[in-house]
Amino acid sequence: LENDATASELERWAAGEPCLLGVSESTIFKTSYVPNDTQYGQQTHFGPINAATGYDTFYSASQGANSDVVIAVIDTGVDLAHPDLNPNRWVNSDEIAGNGADDDNNGYVDDVNGYNFASNIPNPAPQTWTDDPGGEVHGTHVAGLAAGVADNSVGIAGIMGKRAKIMALNIFGTSSGAVVDDLDNAIYYAAENGAKVINMSLGACTDSPSTETAVSFAISRGVTVVTAAGNNNRELTDNPGAAVACDGSQGRVFITPGSYSNRFAGIITVGSTNVANGARSGFSNFSTTLVDIAAPGSDTNTTGGLLSTLPGNTYGRLQGTSMASPVAAGAAALAISLAKTRYGRDISPAQVEDVLVRAAAVRGNLSAVFKGGKALDLAGLAQQVLATDFSSGGGGCP
């Protein structure tokens with residue numbers, strides 16, 4: 001037969017050849033990577049973001065993401081002794097643990113894995129809240145979603161379960177309310193001590209010029225800032241003067257830092273979707289101009305939301321935009337690592353935001369609540385990073 005034979009001609013020819021079973025088109029098959037963590041199958045948020053297909057690229061032995069990325073978790077503290085977090089903890093190699101000295105002259109004594117800004121102590125582990133006992137588990141859960149250890153045959157996996165380094169920054173101490181000075185200092189600390197991603201699953205219903213300045217500084221130092229949209233079931237505004245109280249039932253709200261989305265390229269505000277139906281979670285704040293992307297933050301098919309780490313070597317479920325944010329933060333870290341592995345250079349926060357949003361899936365049921373109806377997609381993100389020329393700081397494919 002000629003090389004340009006039609007499919008029907010090939011089929012007729014094959015039918016007369018007893019040694020051939022038949023003819024079919026050449027098809028490319030790909031694996032779908034699944035971590036071996038024992039409770040991975042119960043982490044329902046991986047399905048909607050096409051994690052298995054994305055991990056075939058991110059964790060590929062030949063072209064995968066092989067550069068460490070420090071993720072600063074500014075929150076209620078992180079139990080870094082947890083077996084699903086401890087191997088991924090950030091270590092300040094310039095500091096000597098327990099010697100009572102500021103060895104690296106960064107202004108903080110014995111800050112080996114982070115710092116507790118609220119209590120002014122080097123141990124960033126959660127402290128029991130005196131006004132709301134139990135709520136202090138939040139930061140450990142957030143850290144596990146972003147960077148829980150993958151493929152250790154234990155518990156759960158984080159979105160970036162390999163090569164992530166968790167910098168634990170506790171700004172709550174023994175209280176359920178954090179003060180702005182501690183938040184600002186934690187942002188500066190992260191930016192000055194090697195973080196490439198900051199996750200802030202928190203917010204305040206007011207504008208804070210000092211926090212805006214701190215966020216601007218972090219972005220200028222190459223740190224991508226990821227933050228929660230908030231859980232008021234209200235529309236966000238970027239105009240503090242047009243906002244109403246968060247505890248009301250009507251009107252738009254201003255959330256620091258979630259409402260800063262359009263003030264800087266490189267801050268990503270994340271809304272929450274329900275794993276069960278892909279729709280906006282009923283509690284999630286929304287905006288078609290300020291909420292850059294959606295990620296899973298609840299699942300009405302389960303009791304309690306997303307599964308992740310909790311203090312004391314345990315696991316549990318929580319829900320909120322607080323959970324959606326670290327899912328997106330882990331994805332941002334994956335993009336940073338893969339780009340650096342491929343091009344040998346750090347990409348800017350603006351570039352991180354760009355590839356994350358470009359690669360997102362467009363969901364019709366989200367178009368009226370989140371910018372562009374965009375939902376996180378790890379498979380698309382992996383391919384977008386590979387298709388983008390970062391070698392000279394260039395942009396991506398349209």
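Modeller: A salt bridge, as used here, is a side-chain nitrogen of Lys or Arg within 4 Å of a carboxyl oxygen of Asp or Glu. The model is predicted, so local features need pLDDT of at least 70 and side-chain atom pairs count only at pLDDT 80 or more, while totals for chains, interfaces and linings use all residues. Residues are numbered from 1 along each chain as its sequence is written, and side-chain values use heavy atoms, with hydrogens and water left out.

By the rule above there are 8 salt bridges. One of them joins the side chains of Asp 292 and Lys 371, with N and O 3.0 Å apart. Asp 292 sits in the loop between strand 6 and strand 7 (293-298), and Lys 371 in the loop between strand 10 (361-362) and strand 11 (374-375), so that the two are 79 residues apart. Strands (E, at least two residues) and helices (H or I, at least four) are DSSP runs, numbered from the N terminus. Asp 292 is buried at 2% relative accessibility, whereas Lys 371 is partly exposed at 27%. Buried means under 20% relative accessible area and exposed over 50%, with partly exposed in between (1.4 Å probe, protein chains only).

Strand 4 has two neighbours to describe. Strands count as paired if DSSP finds at least two bridges between them. Strand 1 (residues 69-75) pairs with strand 4 in the parallel sense over 4 bridges, and Asn 199 is the bridge partner of Val 73. Strand 5 (residues 224-228) also runs parallel to strand 4, and 4 bridges join them. There, Thr 224 is the bridge partner of Val 197. Between strand 4 and strand 5 the chain passes through helix 5 (residues 209-220), a right-handed β-α-β crossover. Right-handed means that, with the strands pointing away from the viewer, the path from the first strand over the helix to the second runs clockwise.

A disulfide is a pair of cysteine sulfur atoms within 2.5 Å, and the whole structure holds 1 of them. Cys 205 and Cys 246 form this link, their sulfur atoms 1.7 Å apart. The angle about its S-S bond is -105°, so the link of Cys 205 and Cys 246 is left-handed. Cys 205 is partly exposed at 43% relative accessibility, while Cys 246 is buried at 13%.

Asp 207 forms one with Arg 263, with 3.8 Å between the closest N and O atoms. Asp 207 lies in the loop between strand 4 and helix 5, Arg 263 in the loop between strand 5 and strand 6 (267-274), 56 residues apart. Asp 207 is partly exposed, at 27% relative accessibility, and Arg 263 is partly exposed as well, at 29%.

Back to Val 197 and its surroundings. A nonpolar core is a set of buried Ala, Val, Leu, Ile, Met, Phe, Trp, Tyr and Cys residues joined through side-chain atoms within 4.5 Å. The largest such core has 60 residues, and Val 197 is among those that touch the most other members, along with Tyr 55, Phe 58, Ile 159, Leu 378 and Leu 381. Helix 6 (residues 321-343) gives the most to this core, 13 residues. A second, separate core of 32 residues includes Leu 202, together with Val 70, Trp 90 and Tyr 108.

Finally, strand 4 is part of what covers helix 3. All 10 of the 10 residues of helix 3 (residues 138-147) are buried, so this helix is largely enclosed by the rest of the structure. The cover of its buried residues includes strand 4, strand 1, strand 3 (164-170), strand 8 (306-310), strand 9 (314-318) and helix 6, where contact means heavy atoms within 4.5 Å.
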